[in-house]
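Hello,

Please find the structure below. My notes on helix packing and the nonpolar cores follow.

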Amino acid sequence: MELIQQYFPDLTDNQILQFKKLEVLYKDWNLKINVVSRKDIDELYLRHVLHSLGIAKVIEFKPNSNILDVGTGGGFPGIPLAILYPDCQFHLVDSIAKKLKVVNEVVEGLGLTNVKTTHSRVEEINEQFDFIVSRAVAAMPTFVHWVKGKIAKSQKHELKNGILYLKGGDLTEELESYQTAKIYKLEDYFKEEFFETKKVVHLPLKYRG
């Protein structure tokens, strides 16, 4: 938890309480339904929470922004971002029902009122969002295909509406057909060794009415 406060020193008392509760809730639920590996659950704040919050080093979501988290799994990056941005709306989607059961229990345990979950494939979501976030659930061309037509027209941020993707490794080949993609290295923001190869990719997407 100190790790989170080190990089995000302006948290409110309620946010600090919610981030502290995260570990208890995940450890408890993970014993019943395994959504986080054993190694990762011991390093939850580094490997999941802080990694998710890497997106917040690239952009500060403005109030009333709508964000879609695709393939949220156990709730990452959506839940940590929802704690950090209580004035934004987060829609967490996954095709695996048991993972969303854990997500829903964690959301309830934290008292988060800005999170909605849907058990479905993302292609079936018929809404539009300022940003679509995810932790590397597919190669970028596949992901772009999945989220076609889900970007809102009005722009609120300096970064153009589109995808914010947490990925690792060499992305040269995967992104070669996306000239507008910008890569942010998380090692520029976080000093832990875990982040040496981790990145946030911002890919602007045009509104399609």
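Is the crossing of helix 2 and helix 7 right-handed or left-handed? The crossing is right-handed, meaning that the near helix is turned clockwise from the far one by less than a right angle.

This is a predicted model, where local features need pLDDT of at least 70, side-chain atom pairs count only at pLDDT 80 or more, and totals for chains, interfaces and linings use all residues. Residues are numbered from 1 along each chain as its sequence is written, and side-chain values use heavy atoms, with hydrogens and water left out.

Helices here are DSSP runs (H or I, at least four residues), numbered from the N terminus. The axes of helix 2 and helix 7 (residues 97-110) come within 10 Å and cross at roughly 145°. Axes are lines fitted to C-alpha atoms over the stretch in contact, and angles run from 0 to 180 degrees between N-to-C directions.

Helix 2 (residues 13-32) also meets helix 4 (residues 44-53): their axes come within 11 Å and cross at roughly 130°. The crossing of helix 2 and helix 4 is right-handed. On the helix 2 side, the contact (heavy atoms within 4.5 Å) includes Phe19, Leu22 and Tyr26; on the helix 4 side, it includes Leu44 and Val49.

The largest nonpolar core has 57 residues, and Leu22 and Phe61 are among those with the most contacts inside it. Such a core is a set of buried (under 20% relative accessible area, 1.4 Å probe, protein chains only) Ala, Val, Leu, Ile, Met, Phe, Trp, Tyr and Cys residues joined through side-chain atoms within 4.5 Å. A second, separate core of 21 residues includes Val70 and Phe143.

Regards

How values were computed:
Helix = DSSP H or I, 4+ residues; strand = E, 2+ residues; numbered from the N terminus. Buried < 20%, exposed > 50% of the residue type's maximum accessible area, 1.4 Å probe, protein only.
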